[in-house]
Amino acid sequence: MATAPGTRIRGTDRRLQIMKVAKDLFARHGFDGTTTRQIAERAKVNEAIIFRHFPTKQDLYWAIIEHECELGAFQQALEERLNSGASDREIFAGIAEDSLRRRAKDSSLSRLLLYSALENHQLSQKFFQTHVGCYYERL
C-alpha cells in the first residue's frame with residue numbers, strides 16, 4: 001500500500017498497512033529479531049503511529065495472527081470437515097492437505113507461529129489455547 005509522502009490514509013487502512021509490513025518482518029526475523037523502529041521505517045510512519053494502533057509490539061504480533069486466522073477461516077473449515085461424516089483417515093488427510101495448501105500459498109503465518117514457538121513466546125501458548133486447543137481435544 002504505497003502512498004505519496006504527506007498523504008493521509010484512513011485509520012483502518014493504516015492499521016492494515018502496519019500489519020502487512022510487520023508480518024513480513026516478523027516472518028523473516030521473528031518477534032525478538034524485529035523492532036517497532038524497523039516496522040515504522042519500512043511502513044514509512046512514525047513509531048508513535050504504530051503504538052496508536054497497537055499498544056504493544058505483542059499486541060501487533062497477536063493482531064497479525066488473528067487477522068491471518070480470520071482470512072484463512074481455519075476454524076470454520078476444520079469444523080465443516082469434522083462434521084462431514086468422513087472417515088478419520090479422510091478427515092486427517094484433508095486437514096493435512098489444507099495445511100500444506102495454505103503454507104504453499106503463503107508461509108508467513110506458519111513462520112510467525114514457528115518463531116513464537118521457537119522463541120518460547122507466550123503468544124505460542126495463546127495461539128494454541130485460542131485456535132487449536134478445542135479441536136485438539138476433539139480430535
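With which residue does Arg-81 form a salt bridge? The partner is Asp-98, and the closest N and O atoms of the two are 2.7 Å apart; a salt bridge here is a side-chain nitrogen of Lys or Arg within 4 Å of a carboxyl oxygen of Asp or Glu. The pair links distant parts of the chain, since Arg-81 belongs to helix H5 (residues 74-82) and Asp-98 to helix H6 (residues 88-105), 17 residues apart. Helices (H or I, at least four residues) are DSSP runs, numbered from the N terminus.

The structure is a predicted model, in which local features need pLDDT of at least 70 and side-chain atom pairs count only at pLDDT 80 or more, while totals for chains, interfaces and linings use all residues. Residues are numbered from 1 along each chain as its sequence is written, and side-chain values use heavy atoms, with hydrogens and water left out. The predictor's confidence in each residue, pLDDT, runs from 0 to 100; the chain averages 82, and 88% of the residues score at least 70.

Through shared partners, salt bridges join Arg-81, Asp-98 and Arg-101 into one network. Within it, Asp-98 is buried because its relative accessible area is 14%, and Arg-81 is partly exposed because its value is 24%; buried means under 20% relative accessible area, exposed over 50%, and partly exposed in between (1.4 Å probe, protein chains only).

The count of salt bridges comes to four. One of them joins the side chains of Glu-68 and Lys-23 at 3.3 Å, N to O. Glu-68 lies in helix H4 (residues 57-72) and Lys-23 in helix H1, so this pair ties together parts that are 45 residues apart in sequence. Both Glu-68 and Lys-23 are buried.

Helix H1 (residues 11-29) also holds Arg-14, which counts as buried because its relative accessibility is 14%. The C-alpha atoms of Arg-14 and Ile-50 are 9.1 Å apart, although 36 residues separate the two in sequence.

In helix H2, the buried residues are Thr-36, Ile-39, Ala-40 and Ala-43. Seen down the axis of H2, they fall within an arc of 100°, so they line one face of the helix; the arc is that of the directions from the helix axis to the C-beta atoms. The face turned away from this buried side carries the exposed residues Arg-37 and Glu-41. Just after H2, Lys-44 takes a positive phi of about 60°.

Leaving aside residues up to four places away in sequence, Ile-65 touches Leu-109, Leu-112, Leu-113 and Phe-127.

Terms used. Helices (H or I, at least four residues) and strands (E, at least two) are DSSP runs, numbered from the N terminus. Contact means heavy atoms within 4.5 Å.
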